[in-house]
Amino acid sequence: MGQHQLNSLIKMANQIAANNTHIGDETAEAEMVANHLSKFWARSMKAQIRDYLESDGSELLPIARKAVAQLN
Amino acid sequence: MLQYFDPDKDYGTPASVSENLITLEIDGVSITVPEGTSVLRAAAEADINIPKLCASDNLEAFGSCRICAVEIEGRRGTPASCTTPAEAGMKVTTQNQRLGKLRRNIMELYISDHPLDCLTCPANGNCELQDVAGEVGLREVRYGFSGENHLQAEKDHSNPYFSFDPSKCIVCSRCVRACSEVQGTFALTIDGRGFDSKVSPGQNQAFLDSECVSCGACVQACPTSTLMEKSVIDAGQPEHSIVTTCAYCGVGCQFKAEMKGSEVIRMVPYKGGQANHGHSCVKGRFAFGYATHEDRITQPMIRDSIDQPWQEVSWDEALNFAATRLRGIQDKYGRESIGGITSSRCTNEETYLVQKLIRAAFGNNNTDTCARVCHSPTGYGLKTTLGESAGTQTFDSVMYADTVLVIGANPTDAHPVFGSLLKKRLRQGAKLIVADPRRIDLVKSPHVQTQHHLTLRPGSNVAFINAMAHVIMSEGLEDKAFIAERCETEAFNAWRHFISEERHSPENTEAITGIPAAELRSAARIYANAKNAAIYYGLGVTEHSQGSSMVMGIANLALATGNIGREGVGVNPLRGQNNVQGSCDMGSFPHELPGYQHVADDVVRARFESAWGVKLDNEPGLRIPNMFDAALDGTYKGMYCQGEDIAQSDPNTNHVQAALRSLECLVVQDIFLNETAKFAHVFLPGSSFLEKDGTFTNAERRINRVRKVMPPLAGMQDWEVTQALSKALGYPMDYSHPSEIMDEIAQLTPTFTNVSYKRLDGLGSIQWPCNDAAPDGTPIMHLKSFPIGKGHFAITEYVATEERSTRKYPLLLTTGRILSQYNVGAQTRRTDNQIWHDEDVLELHPQDAEDRGLKDGDWVGVTSRAGETVMRARISDRMQPGVVYTTFHHPDSGANVVTTDNSDWATNCPEYKVTAVQAVKVTEPSDWQQRYREFNQTQLGYLNKARSKETAAGK
């Protein structure tokens with residue numbers, strides 16, 4: 001697993017989360033973020049962020065963590 | 001819009017748009033025309049051609065030459081037909097002895113002060129004065145030629161592209177009027193009175209020293225050889241012409257490429273061009289010489305490593321080398337270890353083929369386009385809110401706008417022909433609001449004065465647009481009927497609740513945006529209260545960490561005020577390059593097949609799989625920045641890059657260069673050894689827009705034909721190269737002409753169903769969607785409904801960018817473009833446009849300069865967290881304190897060494913518009929620049945070695 005991509009992915013996932021936390025419903029917000037990741041991220045990117053969540057995940061915002069956990 | 005006129009004919013005065021028709025009689029012929037049509041034009045429409053000199057149908061009637069005099073029954077004298085409106089029942093005579101004598105007398109006076117050097121004159125064979133002399137039967141000049149005259153008037157050769165020979169001038173004012181009415185620059189005037197009258201650039205300045213922007217409108221308007229292209233003076237009159245489409249910005253101007261054999265003599269803007277109506281800018285009109293520049297590479301080249309000289313090889317050898325390398329990488333690192341990028345400079349057919357090659361032959365979706373780094377947020381934002389990833393209007397629609405809001409765009413520099421049209425509307429009285437950190441020319445130009453220039457701080461766009469929407473909603477200025485009928489109720493209610501919160505008020509966001517609350521409120525009221533209000537925006541909207549949010553915020557504003565679905569309104573992204581819209585339409589993005597159809601949609605994918613005969617991946621691929629990251633992590637090893645110069649144009653150059661160095665096979669297809677090609681292992685020579693057939697789609701979704709006017713210098717058009725590479729990869733394609741590629745696009749793309757080359761040739765151009773529901777295309781979108789049914793209000797929370805000024809980096813850098821150069825400059829740097837801009841400079845406010853002890857022209861080191869570069873300082877009150885600006889047209893300036901990897905949250909479009917920097921006075925180039933110069937010399941040496949072998953071999 002490469003660090004360059006992982007650092008970018010964490011930043012990107014957090015950015016997506018930060019731009020989608022306005023509903024006041026964490027479940028719905030996490031679903032929006034998960035949909036975005038699912039629709040726009042490459043297979044390898046999804047796999048890498050999932051692996052990161054499983055191994056650590058500490059740098060992900062709470063909504064981003066919930067969203068990544070939903071990725072298939 | 002369908003055309004009902006002959007674009008090659010000059011009808012003398014502009015067409016009337018009146019719907020009331022009147023009938024008159026000219027030379028006994030009954031003619032029906034719209035009210036307001038001149039007698040001259042009415043006659044011309046019936047093919048009764050009254051001689052004229054000062055009249056031209058792109059200019060208002062002037063009535064100065066009197067050659068077009070006619071007789072009208074019941075009226076005294078011989079009125080000028082150009083300034084006389086046709087009236088019902090009027091009986092006009094255009095030819096008789098009296099009129100013939102009058103015209104001969106006028107011509108006699110003109111010719112008595114005109115050089116009689118017709119046979120050696122550059123306009124010989126294409127001179128209106130000569131033609132009219134022939135038409136009126138001029139046989140003698142009784143006044144002689146020895147009287148006082150202008151024959152010794154001094155010529156002005158200062159402009160690199162055209163000469164001014166006042167001795168040939170008949171003072172018809174067509175050039176002056178073209179500069180004013182068409183271009184809107186007002187650089188020319190008639191100086192003096194009576195016999196002393198003369199055309200004067202500026203205040204009796206040379207053309208080059210005046211405000212002239214070299215659009216060429218005056219040259220085109222000139223009926224003699226007074227203003228003449230130097231290329232025609234050198235080569236003589238062209239002998240045939242072919243209509244094609246400009247390869248510069250997203251306006252999509254059409255030109256007649258006027259030729260001698262296979263040599264372009266001049267490019268003349270085509271009156272039938274439905275985006276430009278016969279106007280042009282300095283780039284499209286004059287800057288085409290790059291196409292035959294000595295730097296063109298016409299022989300394929302390969303090398304094992306970028307530390308080796310190039311080796312010139314045959315096409316087969318190069319293509320097989322590339323295919324073997326790419327397949328070898330996939331065998332070693334996996335199917336997803338390679339990918340490709342196309343450019344918005346390529347045709348639709350080329351970008352379609354590249355994404356097809358990647359999806360079908362590479363077997364993955366690692367395809368992207370340079371639209372990633374400019375307008376990808378437009379695609380995301382407009383699809384989310386309006387249901388289609390495209391602008392809503394025609395350019396001509398601006399002529400119906402009452403208020404125009406320009407956000408983060410600089411039309412007079414980056415989209416000059418649209419800029420001229422916009423200025424024309426503003427001179428007619430439309431109101432203008434500009435939101436831009438920098439004072440662009442549009443803010444104040446001749447007869448144009450913006451109502452409000454909102455000098456917002458870089459990075460505060462979303463706070464600004466939310467504040468605009470807050471004013472509209474809190475003051476009850478929204479269009480309730482439109483919202484109720486055309487928009488999703490639930491989403492609107494949620495948005496209304498969000499936007500009505502007091503934190504979005506101009507007073508509460510003033511500290512973020514820097515815009516005085518009262519001024520923003522006034523601007524919001526002007527926008528909301530206009531009968532027709534249109535928004536035009538550019539990369540100052542998209543190239544931000546919240547680019548997509550801002551696009552959605554703009555759409556929200558248009559929806560809330562009902563400014564969608566008719567002439568004069570809309571959301572109009574001004575696309576940077578010629579085919580940004582098309583490259584996106586053609587499925588270049590990794591998550592979308594052509595027509596914005598998602599790869600995960602099984603039904604869609606099945607159609608493509610059936611047509612292409614191959615199984616397709618159902619997961620999105622890597623986007624350009626993801627490719628770079630993966631390359632640095634060692635999982636992405638090979639890339640096919642067509643027509644794009646990512647090493648210069650993409651942000652954080654050090655990062656990009658490191659990624660490119662890590663590739664095991666980089667295949668570059670381009671017309672020059674661009675910055676990216678210096679990291680390549682295979683070079684496939686590309687063809688310029690003059691050497692190929694295809695289509696470009698401009699910012700108004702208009703598909704324009706690109707026509708081959710000369711053979712490809714390297715022997716193959718770009719689509720043929722992609723096809724040959726695909727064959728070498730074991731996935732043969734079998735197109736014999738780009739029209740067949742378009743037929744396949746039409747078959748697979750619901751918005752292109754009725755598009756074909758035959759229909760494009762017949763209609764001139766087509767604005768998609770073009771299908772059974774809209775057989776001739778769709779000039780204005782969303783007339784009655786949206787592709788998603790109802791308009792969707794998106795919630796756009798302002799999230800501050802991480803890139804903010806600090807004690808270490810106290811200034812905010814924003815980057816952009818200027819008129820004379822284009823994008824990375826690969827084309828325009830190889831033309832005489834260099835005379836206007838031969839280096840990128842750092843513009844900064846006088847106070848920021850004084851604080852740093854900087855004078856105009858000093859070397860200034862610009863440092864960000866990403867890197868450092870050095871350029872000259874230009875002190876400019878265009879800038880607000882704390883904000884600096886530069887362009888990225890020259891590789892050596894290293895503008896993108898400084899920009900960072902920050903990007904839009906939704907699309908990864910880089911945040912070129914906000915970089916925290918420090919600027920200090922320095923005396924030598926940066927370390928990066930010194931390394932760049934060394935690397936560049938080495939790579940050019942490797943190229944020269946290959947070329948010298950060719951010379952030695954006597955090829």
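**Helix packing, a sheet and a chain contact**

Let's start with a helix pair. In chain B, B:Arg607, B:Phe608 and B:Ala611 of α21(B) meet B:Glu744, B:Gln747 and B:Leu748 of α26(B). Keep in mind that this is a predicted model. Sorted by class, the contact of α21(B) with α26(B) has three nonpolar, one polar and two charged residues.

Now the geometry. Two packed helices are described by the angle between their axes and the distance between the axes. Here α21 covers residues 602-612 of chain B, and α26 covers residues 738-748 of chain B. They pack at an angle of about 150°. Their axes are 11 Å apart. Angles over 145 degrees count as roughly antiparallel, and α21(B) and α26(B) are therefore roughly antiparallel to each other. What is the handedness of the crossing of α21(B) and α26(B)? The crossing is right-handed.

Staying in chain B, on to a sheet. Four strands make up an open sheet. The order is β2-β1-β4-β3, and the pairing is mixed. Which strands of chain B stand at the edges? They are β2, residues 29-34, and β3, residues 71-72. Each has a single partner strand, so one side of each is left without a neighbour in the sheet. Take β3(B). Two bridges join β3(B) to β4, residues 91-93 of chain B. These two strands run antiparallel. One residue pair to look at: B:Ile72 has B:Val92 in β4(B) as its bridge partner.

Next, chain A. The secondary structure of chain A is four helices and zero strands. Read from the N terminus, the elements run α-α-α-α. How does the radius of gyration of chain A stand against that of a compact globule? For 72 residues, a compact globule would have a radius of gyration near 11 Å. Chain A has 11 Å, which agrees. Along the principal axes, the C-alpha atoms of chain A fill a box of roughly 35 × 25 × 20 Å.

Last, the contact of the two chains.

Terms used:
Residues numbered from 1 in each chain as written. Chains lettered and ligands numbered in written order. Predicted model: local features only at pLDDT ≥ 70, side-chain atom pairs only at ≥ 80, totals over all residues. Pairing = 2+ DSSP bridges. Axes fitted to C-alpha atoms, helices over the stretch in contact; angles between N-to-C directions. Parallel < 35°, antiparallel > 145°, perpendicular 65-115°, else oblique. Left-handed = near helix turned anticlockwise from the far one by under 90°. Contact = placed C-beta atoms within 7 Å. Nonpolar A, V, L, I, M, F, W, Y, C, P; charged D, E, K, R; others polar. Rg over C-alpha atoms; globule rule 2.2 N^0.38 Å.
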